[in-house]
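Subject: Structure for your attention

Dear colleague,

Please find the structure below. My notes on what was found in it follow directly after.

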Amino acid sequence: MALRSTDILTQTPQGLYCPLGDFHIDPVRPVTRALITHGHSDHARAGHAAVLATRETLRIMAVRYGEDFADTTEEVELGEPMRIGSVSVRFAPAGHVLGSAQIVIEAGGTRVVVSGDYKRTEDPTCTPFEVVPCDVFITEATFGLPVFRHPPAREEVRKLLNSVSLFSERTHMVGAYPLGKAQHVIALLREEGYDAPIYLHGAMERLTYLYKSEGVSLGETPLVGDLPRTEFAGAIVLCPPSSLQDRWSRRFPDPVSAFASGWMRVRARARQKGVELPLVISDHADWDDLCRTIRETGAGEVWVTHGQEDALVHWCLQQGIKARPLHMLGYGDEGEAEDTAQAAETSEAGAS
Amino acid sequence: MNRFAALLDRLAYEPRRNAKLRLLVDYFRHTPDPDRGYALAAMTDALMFQGAKPGLIRGLVEERVDPVLFRMSYHYVGDLAETTALIWPAPQEVSSTPDAPPRPGHNNPPTHVPTLGEVVEALSSTGKSELPARIAGWLDALDETGRWALLKLITRELRVGVSARLAKTAVAQLGGVDADEVELLWHGLEAPYENLFAWVEGRGPKPESKNPAPFRPPMLAHPIEDEDFGKFTATDFVAEWKWDGIRLQAAAGRAPDGRMVRRIYSRTGDDVSRAFPDLVEALDFDGALDGELLIVRDGLVQSFNVLQQRLNRKSVTAKLLTEFPAHFRVYDLLAEGGEDLRDLPFLQRRQRLEVLVSRIAHPRIDLSPMVSFASWEALAAARANPASVGAGPDAEAIEGCMIKRADSPYLPGRPKGYWYKWKRDPYLVDAVMMYGQRGHGKRSSFYSDYTFGVWRTGPEGDELVPVGKAYHGFTDEELAQLDRYVRNHTVNRFGPVREVEYGKDRGLVLEVAFEGLQRSTRHKSGVAMRFPRINRIRWDKPAAEADRIETLERILARGEEETYPLEDRET
């Protein structure tokens, strides 16, 4: 007899927990054994005893928290099945950022997939999402409203390049999250044939270097540092979103402020942030892709971790799919979450 | 349609005038006729078609999308056109699930992406019953930005921060002609303006203006400086009151077909006739008048605050017309009976103006009186107390004097050496900075908008109550100092706003200049300032010595007494 899904995965204050394997997935508090889907700080936290993740995710955590972010670490290969306690576990690519993975758990003929954050569209900086057929699919819903439909990222990058050619004496500052989005945007610009140096805010240096050392080709990416103002006329500069309106921005001649995020789809949001060139480039599945993915997994049951849960749950129920929101707290603090006062603090302190 | 949509999308986010201009010129350069002409018409509000009501749009979208999801989305986005544009089902949704049961979202495969020209032409020829299907077809064919722009266009809610003047300036720049020349021709032209584009691009002759009531760019004044009085001879100049109203131009004339054309233009050349039907009917002459829009009740000019309640209304109701009767106080005549008078000296134009106004003899149009003076000292005295030299009860609506060379021609723009404004001294108050807010555009990295307060007696002793917000009046250097001050004295953050330290023993005093006060229920302090700006930064002054609310109350009481001298007078 197949196990019930709740025998395989339950919710604890630390996060999703697999009792049969005695491990947590992306726990928000320190635990003895954590399986981490990807390196964004709301999913990958420091202080666990043992961490199991892809090599890239472990490297990202080491860059962010220092080499001693956990007592022990273990590297997993995408696609390689392993046994933990009485369950079988496999990491499958999620297409979200470098090293991102879904975690597939099987026991007694029931398969549960924890997708972490994911996207379905092509991204030259990471392995594409793999559809894993399953009984229970645990999905995010960051953009879980039918108004969120990301246009092709390439068109958005072309929009940026058109603006660069029209306002060739101004600096184009592109706000992008330092892990994933920044490198995604650089890679897209390179694919569109833009081969000038792309300047980086200090907060992006180490992660971008890590991407390059993992074989992602991003071209020349010098640091803004103390380069003279004249260097930046007509240049593209990438910085954390909070730096767009920070004093840091004053070093550039008459900057155009652009922001690469799925949130830019809603005009009022872009205007509130004072963005002049919104670029709808996301590392999350949009509404259509959330729905498509749920259908393609064939899951009879869907759990929604975080984001706009209500609309997605409503949609599942309309489709005859069992669904429930998990109302998980602590996710969505990085990546495409709204930048908080705290994020602004960090970047002001780190700006040089 | 896609190019136009991309332009609107970009304009909507762009705060800088010059950047808007660049975007517009670039669009006009790279877009063929007739689309660019229709775009120009859309931005100058010159398109004539019946718009679509929000109910129609909502009905269309609810046919296509689960109403629950639509409601959640609308709640999140907050704008009907945008929600509809975003949520409208994309064509690939049908093909990706051939075996799925039918769902509410469907989309007829796009046939042809409409051009802006096709949309505009169809809108003016489509009957009411066919309109919904037509719009649905377009929405199917367009992408998100296209749908958004279409919906903004057909609901007449374009609002991308482009004035008619700016759009015309862009057309002029396209061919290096003077924007005023385009302006003069403008109201005789019709969308899609192919002859205008041909002319500015050097491909065709200058279009003839057949408009019997064209707009003529207004002549503007410079502020007078103290040293000017030493340089100018008083007898070379004449003076008028400077009215605290809205500058308008009224033009009227007979079209070749015999029909009377009457138009009212804003100072930027926008045709605002629709907003002032009560004035339009008074325009019984052939010529062009320059003057000030005022609200006059029972022969008494009302304050600018009252005038504001008449402006920017979507619909002009009978109630509005009765409660806020528009009045035109004129001071110049630019043309009469087909004759351009702008090269004549001011005094000659004035003579003809006086004759014309007495002939029009309409209660809503009167002359702005001349202020006679023998010396600058005499004018200074008149300016200080307009009531003493015949302004009577209208004195409160006077914000100073206009000083004009008696021989000045009427020149568009702000030519040097002819017209000067000598504004009444502003009110000053010392207030304490309470909050700083980030600015926009060039100032987005600066805390450049400051909320300030004055002292009042609270339940627990003296407290500061906010009385206004100012974002100009300071130099770039002072802005940098103020920005640093806000950052270094922050005690609280609310998004883009920072609360700074303030109290009896700490805080920064700002000398705030303003033009007037009105009572306000929206402000905690009960007063609202007109045109406040930072006059001086009082680094030297302790916060405890800033002004109290009673100072403002006294200004308010004095103003009310002057505005309504006959009411509730204590004897």
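A:R271 sits in helix α6 of chain A; helices (H or I, at least four residues) and strands (E, at least two) are DSSP runs, numbered from the N terminus. A:R271 is partly exposed, with 15 other C-beta atoms within 10 Å. For this term, a residue is buried if 20 or more other C-beta atoms lie within 10 Å of its own, exposed if 12 or fewer, and partly exposed in between, with C-beta atoms placed from the backbone. Between A:R271 and A:Y177 there are 94 residues in sequence and 19 Å in space, C-alpha to C-alpha.

Please note that this is a predicted model, in which local features need pLDDT of at least 70 and side-chain atom pairs count only at pLDDT 80 or more, while totals for chains, interfaces and linings use all residues. Residues are numbered from 1 along each chain as its sequence is written, and chains are lettered from A and ligands numbered from 1 in the order in which they are written.

Contact between the chains

Chain A contributes 33 residues to the contact and chain B contributes 30 residues, where two residues are in contact if their C-beta atoms, placed from the backbone, lie within 7 Å. On the side of chain A that touches chain B, the elements giving two or more residues are α6 (267-272), β16, α7 (287-297) and α8 of chain A. Of these, α8(A) gives the most, with five residues. By class, this side of chain A has 15 nonpolar, six polar and 12 charged residues. Here Ala, Val, Leu, Ile, Met, Phe, Trp, Tyr, Cys and Pro count as nonpolar, Asp, Glu, Lys and Arg as charged, and the others, Gly among them, as polar.

Helix α8 (residues 309-318) of chain A meets helix α5 (residues 67-77) of chain B: their axes come within 10 Å and cross at roughly 175°. Axes are lines fitted to C-alpha atoms, for helices over the stretch in contact, and angles run from 0 to 180 degrees between N-to-C directions. The crossing makes α8(A) roughly antiparallel to α5(B); angles under 35 degrees count as roughly parallel, over 145 as roughly antiparallel, 65 to 115 as roughly perpendicular and the rest as oblique. A:D310, A:A311, A:H314 and A:W315 of α8(A) make the contact with B:V68, B:L69 and B:M72 of α5(B). These residues divide into five nonpolar, one polar and one charged.

Chain A

Chain A is divided into domain 1 (5-147 + 283-350) and domain 2 (153-279), with bounds that come from an automatic or database domain assignment. The C-alpha centres of the two domains of chain A lie 27 Å apart. Their contact takes 27 residues from domain 1 of chain A and 27 residues from domain 2 of chain A. On the domain 1 side, α2 (55-65) and α9 (341-350) of chain A each supply at least two residues, and α9(A) gives the most, with five residues.

Chain A also holds an open sheet of five strands in the order β13-β14-β12-β15-β16, with parallel pairing; two strands pair if DSSP finds at least two bridges between them. Its edge strands are β13 (198-200) and β16 (277-279) of chain A, each pairing on one side only. From one strand to the next, the twist averages 25°. β13(A) runs parallel to strand β14 (residues 236-239) of chain A, joined by three bridges, and A:L200 has A:L238 in β14(A) as its bridge partner. Helix α3 (residues 153-166) of chain A packs on the sheet, touching β12 (172-175), β14, β15 (256-260) and β16 of chain A. Helix α4 (residues 181-191) of chain A packs on the sheet as well, touching β12, β13, β14 and β15 of chain A.

Chain B

Chain B has 21 helices and 21 strands, and buried residues make up 39% of its 571 residues. Its assigned domains are domain 1 (2-154), domain 2 (227-423) and domain 3 (427-558).

Helix α10 (residues 144-154) of chain B is largely enclosed by the rest of the structure, because 11 of its 11 residues are buried. Those residues pack against α1 (2-13), α3 (35-43), α4 (54-64), α6 (80-87), α8 (116-125) and α9 (131-141) of chain B. Just after α10(B), B:R156 takes a positive phi of about 55°.

With kind regards
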